[in-house]
Amino acid sequence: MEIINPNAAILTNYEVMTALKDMKNSKKKYGLRNLATITYETVQYLEDTPCKEQTTASIVEFLQAMKEFNLTKNECLMMVNDPPSSPLHIQLMIEDSDERLTEEQVSRILEQAAKLRPAAPTNSTTDSGQMDS
């Protein structure tokens, strides 16, 4: 087998999870003994990431919003797979972000990224283990 174009497509974690779930639910047998284990473990891992709450529409909307910032495909992919939650997170993902982006642009990126992240669980229980002094 020869690889003709190794960079033909870059998949998000959401796309990988969807493809693996479809393959798992398919009745077709692929003939590889360890494939079921690898598929199961990968889906289990991906279900603990933000991609579990993402949709195709939300990813497309995010990528459309990112066009104005002139980011690379890899930078956008990193932000889809692990939506940034702070300016520091953006600095780690976007090369030379302090030179390429203004504070206002960073804020707008964070607003868009918040739509890709699952909602933070609310803590409705009180901590009864603390003693009042």
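Thr12 lies in the segment before H1, where helices are DSSP runs of H or I of at least four residues, numbered from the N terminus. The model is predicted; local features need pLDDT of at least 70 and side-chain atom pairs count only at pLDDT 80 or more, while totals for chains, interfaces and linings use all residues. Residues are numbered from 1 along each chain as its sequence is written, and side-chain values use heavy atoms, with hydrogens and water left out. Thr12 has 8% relative accessibility and counts as buried (under 20% relative accessible area; exposed is over 50%, with a 1.4 Å probe and protein chains only). Leaving aside residues up to four places away in sequence, Thr12 touches Ile59, Leu77, Val80 and Asn81 (heavy atoms within 4.5 Å).

Thr12 also lines the largest pocket, as do Ile59, Leu77 and Val80. A pocket is an open set of points on a 1 Å grid over the protein atoms alone, where a 1.4 Å probe fits, with protein on both sides within 12 Å along at least five of seven lines; lining residues have an atom within 4 Å of a point. The space in this pocket is about 310 Å³, taken as that filled by probe spheres set on the points. Helices H1 (13–25), H3 (56–66) and H4 (73–81) each supply at least two lining residues.

The buried residues of H7 are Gln105, Val106, Ile109, Leu110, Gln112 and Ala113. Viewed down the helix axis, they fall within an arc of 165° and so line one face of H7, the arc being that of the directions from the axis to the C-beta atoms. Their cover includes H3, H4, H5 (87–93) and H6 (97–100). Glu103, Glu104 and Glu111 are exposed on the other side of H7.
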